[in-house]
Amino acid sequence: MELEQLLKPKVSYQAPQAQRNQANLPDFWAEYTRSLQDPEAFWGEQARRFHWFRPFEQVLEWNFPDHRWFLGGQTNITYNALDRHAQGSKRNQVALLYLSEDGSEQKLTYGELLDRVSRFASGLRRLGVEKGDRVIIYMPLTLEGIIAMLACARIGAIHSVVYAGLGVSALRERIMDAGAKLVIAGDVSYRRGKAVDLESIVLQAIEGLNLPTVWFCRNKAVPEGPRFHDFNELLWSHQPEAEAVPLDSEHPLFILYTSGSTGKPKGVVHVHGGYMVGTAYHLRTFFDVKDTDVYWTTSDIGWIVGHSYIVYAPLLEGVTSVLREGAPDYPNPAALWQAVERYRVNVMFTAPTAVRMFMKFGPEWPARHDLSSLRFIGVAGEPLNPEAWQWAVEHLMQGGRRGFVADNWWQTELGGPTLGTPLTLEGRPGFVGVPLPGVEATVVDATGTELPPGTGGLLALKRPFPHMMRTVWGNHARYTQYWTEIPGNVYAAGDVASKTAEGYFTVLGRADDVLNVAGHRIGTADVESALVSHPAVAEAAVIGVPDPIKGENIKAFVVLRVGREKTEALRDEIVQHVRLELGPIATPSELVFLDKLPKTRSGKILRRLLKAQEMGRDPGDLSTLEE
Amino acid sequence: MAQSRKLTTVQAALRVLAYLAEHPEGVEAARLAAFLGKSLSTAYALLASLVSEGFAEREGSTYRLSKSALVPSPNRLAEPEKLSDALEELYLRTRERSYLALLDREGRLRLSTRGRQGLPKLAGLEDQVGEGFHALALGKAVLAYMDSQAQAPHLQNLKAFTRLTITDPLTLEEELAKVRQMGFAVEIEEHSDGISGVAAPIFSPDGAVMGAFGVVVPSRRFPYAFTRLVQAVQEVARAASSRTRAEQPPSDEAKPLPASAPVYLGSSSEETPVWAPKSLVEKANLKDYPAEYRRSLEEPEAFWGEWAERFHWFNPWKRVREVDAPYHRWFVGATTNITYNALDRHADGPRRNQLALMALAGDGTVHKLTYRELRDLTARLAGGLLSLGIKPGDRVAVYMPTGLEMALTFLACARIGAVHVAVPAGLGSQALRERLVDTQARLLVAADRMYQGGRTLHFTHVLEEATQGLDIPVLWFSRGGTVRPLEFWDLIEAHRPTTPALPVDSEHPLFILYTSGSTGKPKGVVHVHGGYMVGITYHLRTLFDLKDGEISWATADLSWIVGHSYGLYAPLLEGLTTVLRAERLDYPDVSSFYEMLEECGVNVLIISPTWLRTLRKHGDEFAQKARLSDLRLVASVGEYLAPEVWHWAAKHLAHVVDHWWQTETGGPCLSTPLCMPAKPGKAGFPLPGVEVRVVDALGRELPPGQKGHLVIGQPFPHFMRTFWNNNERYLEQWSRIPGYYSTGDIAVRDSEGYIALLGRSDDVIKAGELRIGTAEIEGAMLSHPSVAEVAAVGISNPELGEVIKVYVVLKTRETSLEVRAILADKLQAHLRRQLGHLQLQTVIEIVDQLPRTKSGKILRRLLKAQELGDDPGDLSTLEP
């Protein structure tokens with residue numbers, strides 16, 4: 001009887017009453033209404049929680065499609081993230097807690113972090129880095145990686161973190177596009193007990209560029225090079241003298257590259273003022289983080305989730321942020337839960353792919369550990385399937401009696417959670433949730449006409465918010481395109497979605513050709529051009545194939561050059577080639593040799609057809625198919 | 001550094017000779033310098049000495065091997081078959097048991113012996129000896145000349161054969177340096193009881209040590225036969241070597257103290273008061289000292305009750321205090337637990353993720369623990385202690401180096417109401433045993449080793465000796481990979497963090513801490529949960545002036561009272577961050593001390609005058625280079641702080657707060673709060689709650705300027721409750737001077753009320769953080785078989801601090817000066833082994849007799865006065 005009820009899928013989940021009573025945002029709808037009715041008062045109030053060297057005069061200037069926030073204000077995100085706490089009662093509170101696979105830990109308090117960041121910032125200045133200069137950071141998930149980011153921000157330099165796992169050409173492309181003045185790189189990252197070489201990737205990527213490079217070496221000596229410096233030497237040979245430079249609130253904080261369907265990655269630009277205000281707001285109200293919480297985002301500093309919720313928002317709010325280098329299931333599938341118990345983690349932010357992985361290992365692993373401290377798990381990166389949601393509620397949250405699992409949706413461009421299920425509302429499997437305060441979202445067709453509930457269409461945002469991107473680096477036209485793709489002055493998210501009459505959204509997937517592999521967005525064009533760059537490959541097409549763990553797997557279709565044999569050896573060679581070019585996550589898990597690819601008459605490859613064939617679906621209109 | 005020291009002058013000389021032999025055409029000094037990797041002047045010096053010894057010849061600027069050096073010595077006995085002749089020769093010349101020891105390929109000594117029936121033999125030796133070189137004169141003679149690689153295995157895990165065996169590697173290395181200096185080795189009952197001996201090394205043609213000749217005799221005959229034996233052994237060994245040793249390396253031994261060390265105590269105090277920097281004065285937590293002091297004495301109950309309100313009490317008190325002099329109880333009827341206030345209160349509040357402590361272990365491990373983590377680890381260990389059957393009131397002895405594990409042990413004991421008894425790691429087995437027996441400890445929590453100054457100090461033997469025959473389990477903190485049945489971290493791992501802080505009566509004992517008395521037996525000072533908690537935190541805030549969010553570092557070992565109160569309990573109770581470090585402050589060099597201050601961002605440093613003197617000695621350069629912007633205040637405690645050192649520290653570190661207290665008082669008693677100007681050289685005023693007087697022997701208060709006994713009038717909350725198992729001694733301390741508690745210190749008060757400490761009135765020597773009774777030292781010394789009488793006095797030295805001078809009368813008076821010098825070294829090593837205090841500075845002097853009173857008491861006063869060049873005072877009782 002009871003078993004039957006347990007087995008019956010639930011239709012909704014609610015946070016425990018006690019948790020809802022103590023929510024930082026008790027009345028979600030009132031807040032939401034106010035945020036749209038009077039956005040300037042709303043965000044102005046949020047902004048005044050921070051230190052401004054010069055107060056802002058105007059909250060918003062909305063000059064379609066450009067938006068600027070906190071005009072006339074001067075601040076520095078690191079002053080608010082570090083100095084404010086280090087000079088106050090949080091000086092000796094742990095700011096960052098670094099964990100490694102072998103169970104060792106490193107802690108930095110706010111006081112220590114400020115000290116290290118100020119030293120490193122002084123070091124960067126000595127290397128000639130100035131306000132507005134771009135610095136590429138290609139570092140493993142370490143305290144040093146975060147110190148490098150904050151040190152840049154402190155002196156007004158613009159950091160651009162490249163995920164340490166991307167390949168040579170991806171890294172070089174980003175260095176060139178950003179016009180980087182300096183590279184900060186690690187020699188290795190540690191994963192599954194092994195040192196993964198980063199050094200040779202960096203050396204190839206910067207070859208001939210004569211770029212000064214700061215090396216954070218844990219495995220070997222700093223490589224020989226005329227403009228190479230040692231990270232620790234640079235840090236410790238300088239006094240902690242670099243103050244946080246007062247910057248215009250619209251001064252760029254970072255560029256973060258995201259893949260597009262058109263091939264060239266886009267450098268999304270976020271700024272000091274608005275990004276600070278918006279990301280911190282959602283940490284408090286959406287993730288419901290309290291002052292003394294230990295907060296753990298299981299992402300990487302190479303992604304927007306890591307920027308916002310490993311580094312900036314937790315530090316801005318003065319809590320303890322956890323980071324762990326390596327694989328979440330190494331040395332055993334309970335590694336994460338052991339850490340949750342040991343460090344009494346209160347709030348976690350992870351990806352559906354991770355949840356599905358835990359599901360695969362089984363509930364006995366989390367059951368071995370005391371997870372009583374954990375009361376909130378945020379999940380984002382791709383749609384959270386109902387089974388995974390249910391599993392997480394059941395096995396990580398004691399069937400929902402202890403806490404809440406909250407799905408949320410956002411993008412690099414949006415800086416922080418945009419759609420999501422606040423803990424005071426009910427969670428509905430299959431639906432990501434409602435638009436969060438400050439967000440006006442809708443579902444439209446290609447002409448910009450709003451669609452009725454239940455109908456699939458394009459997800460669009462009708463107004464900007466403070467932590468939304470300002471431009472695409474070096475390509476403002478591309479930025480404008482986001483706002484003009486769909487008529488009606490809306491931001492096109494590029495996702496297909498639908499909503500219910502009550503305002504719950506479901507996000508179905510990408511509208512364009514971007515793959516979502518284990519939470520990482522990969523452009524099909526990137527993979528295809530990497531394939532084609534192999535001398536044996538004539539043409540290539542790539543599609544995403546659903547995968548229960550990773551979300552999507554990459555499947556590649558390749559037409560070989562005339563005269564090349566379709567051998568296993570060649571198949572492996574091509575796969576390895578892509579791996580070297582783009583890194584392990586963009587490596588095709590399947591590669592099929594074809595004699596020709598389906599194309600339109602205009603010569604565009606019909607990926608739609610390949611995908612439909614793969615999934616056994618109706619390929620739809622094939623009128624344009626070349627016979 | 002260590003490497004370059006290894007290449008002694010002798011080795012260098014041998015290398016020179018080998019080089020000259022390879023180059024018969026002649027060599028210039030510059031080339032030789034390059035070959036040796038040494039300076040040109042060193043090369044010249046070496047060559048010059050070789051020429052003067054006849055080993056080398058000089059022609060213009062070139063040097064050659066001397067032709068005569070190549071000629072075999074006429075009475076050469078170095079051929080192996082001739083060595084047996086040499087052994088025979090040695091026996092015939094000494095008529096004593098003679099030994100020849102030859103090193104074989106495996107590094108063992110092959111022994112052959114010559115003697116006759118009735119002559120003693122080294123007991124328990126086969127004809128091959130592979131270990132225990134350190135206990136044998138033969139072994140030491142060989143060991144001293146081995147290269148460091150071959151030597152290394154013999155310097156580890158030194159086994160004790162007798163109670164005189166050298167088991168401390170540091171002492172052994174000193175001994176080996178002596179061997180190289182003298183050319184022979186001495187063994188006094190180090191291998192077998194009642195047997196002593198000498199030995200000298202023999203060398204092969206390539207200059208390497210190949211063995212030794214030695215002679216053993218009964219110890220009682222040893223002093224008489226000594227000169228004759230040494231001469232014979234050395235001559236035979238020299239003849240047996242194909243080549244005599246070149247000039248001996250210069251001694252790198254510490255020079256003895258100058259005969260007349262300057263008088264220090266109580267002299268040269270500057271009268272100009274010094275104010276703390278204005279910003280410190282303005283922001284001081286205590287702004288009006290006179291008013292606060294007055295109130296603390298006029299309304300002590302309101303005063304302390306108010307401060308106690310800041311803490312959590314499971315049950316409120318009925319009365320703040322109950323005094324039935326000399327007994328006193330505070331917060332009567334209340335229940336609390338010091339760890340609830342030090343941990344849980346913060347771990348469940350806003351300081352959950354704040355660092356509670358940063359612990360730097362001697363092996364380089366850094367532990368940073370938040371209040372939540374420290375509480376959980378404490379609770380887990382507390383659960384572990386409960387599982388071992390430890391109950392409230394049980395005593396748990398702790399023998400560990402300063403660090404996380406020791407802190408956890410203290411806190412876990414306190415959490416379940418057990419009483420911790422810290423015994424300084426390094427203290428000898430006898431002293432440890434005495435404390436285990438006195439407290440009837442139920443458990444000993446001990447580290448198997450500690451790392452200090454680049455060395456590993458092994459405690460296994462000490463612990464085995466101390467616990468032998470006692471029914472006491474040991475909870476081991478093993479660091480060398482050895483896993484013992486009951487391991488510290490395993491016990492923690494096996495328990496969940498669920499053991500709560502047990503509500504205990506506010507008068508429930510928290511710890512016992514031993515301090516030395518003049519009567520010999522160390523006294524176990526007892527402190528309790530309630531009053532101690534209230535009192536020490538008051539002074540942390542008002543004297544050390546710590547603010548929320550600050551970091552304090554008490555450099556004292558956790559096993560001293562300063563470590564208990566200000567390394568651990570008070571900063572945790574106040575929710576601050578405390579730094580613990582096991583290593584010497586100047587290791588690997590003094591810059592590491594400044595780096596620590598800088599990297600940890602220390603705001604208040606609590607340090608001893610000994611270390612301040614050491615820092616000053618290292619020069620201003622380090623201090624000037626350091627960035628000490630966080631450091632606000634330096635509190636100095638432990639002994640007299642000279643004005644010169646005060647000014648140096650104030651200039652190079654931060655404003656100095658000198659203060660005086662004792663184990664018995666739990667917290668500071670005399671000092672100069674920030675709101676008052678300080679007089680360097682004088683501790684200052686009585687602190688709030690503390691009523692002190694300077695009186696004569698009858699308890700009459702003395703006018704300003706007159707020296708007298710420093711006494712305490714009224715007990716305060718953190719004043720000791722009794723001496724463990726020795727309440728009579730507690731009463732005695734309150735009755736020695738009528739109506740007062742005698743601190744045992746001599747002091748003088750000036751007209752403005754500043755009190756200066758002049759030294760101990762009783763027979764207790766203060767050396768650094770350590771207080772040790774003369775009786776304890778004398779007792780240890782008397783356990784040596786050669787010692788008849790002994791007297792120990794503490795001598796103040798501006799450079800070294802307190803030095804312990806030990807006067808020894810030997811059982812055999814007719815000894816040569818040479819034997820005396822050797823014995824003095826042996827006695828020093830013996831003392832060190834017995835007491836185990838590695839930081840003790842001792843000087844041994846062998847005298848013919850000690851000055852005594854007519855009643856037979858040794859007049860230490862006279863010895864001390866002679867040493868300091870003082871007027872010895874009234875000598876009417878001196879025996880003529």
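Which domains does the domain assignment of chain B give? In this predicted model, the assignment lists domain 1 (2-70), domain 2 (80-240), domain 3 (278-745) and domain 4 (763-868).

**Domains of chain B**
- Between the C-alpha centres of domain 2 of chain B and domain 3 of chain B there is a separation of 48 Å.

**A sheet in chain B**
- An open sheet in chain B is built from six strands in the order β6-β5-β4-β9-β8-β7, and their pairing is antiparallel.
- The edges of this sheet are β6 (128-129) and β7 (185-188) of chain B, each of which pairs on one side only.
- Strand β5 (residues 109-114) of chain B runs antiparallel to β6(B) and is joined to it by two bridges, and B:Arg110 stands opposite B:Gln128 in β6(B).

**A helix pair in chain A**
- The axes of α6(A) and helix α7 (residues 143-154) of chain A are 8 Å apart, and the two helices pack at an angle of about 65 degrees, in a crossing that is right-handed.
- Among the residues that meet are A:Phe120 and A:Leu124 in α6(A), and A:Ile147 and A:Leu150 in α7(A).
- The residues of this contact comprise nine nonpolar, no polar and two charged.

**Where chain A touches chain B**
- In the contact between the chains, 16 residues of chain A touch 14 residues of chain B.
- On the chain A side, the elements giving two or more residues are β5 (105-109) and α6 (110-126) of chain A.
- That side of chain A divides into two nonpolar, nine polar and five charged residues.

Conventions. Residues are numbered from 1 along each chain as its sequence is written. Chains are lettered from A and ligands numbered from 1 in the order in which they are written. This is a predicted model: local features need pLDDT of at least 70, side-chain atom pairs count only at pLDDT 80 or more; totals for chains, interfaces and linings use all residues. Two residues are in contact if their C-beta atoms, placed from the backbone, lie within 7 Å. Helices (H or I, at least four residues) and strands (E, at least two) are DSSP runs, numbered from the N terminus. Ala, Val, Leu, Ile, Met, Phe, Trp, Tyr, Cys and Pro count as nonpolar, Asp, Glu, Lys and Arg as charged, and the others, Gly among them, as polar. Two strands pair if DSSP finds at least two bridges between them. Domain bounds come from an automatic or database domain assignment. Axes are lines fitted to C-alpha atoms, for helices over the stretch in contact, and angles run from 0 to 180 degrees between N-to-C directions. A crossing is left-handed if the near helix is turned anticlockwise from the far one by less than a right angle, and right-handed if clockwise.
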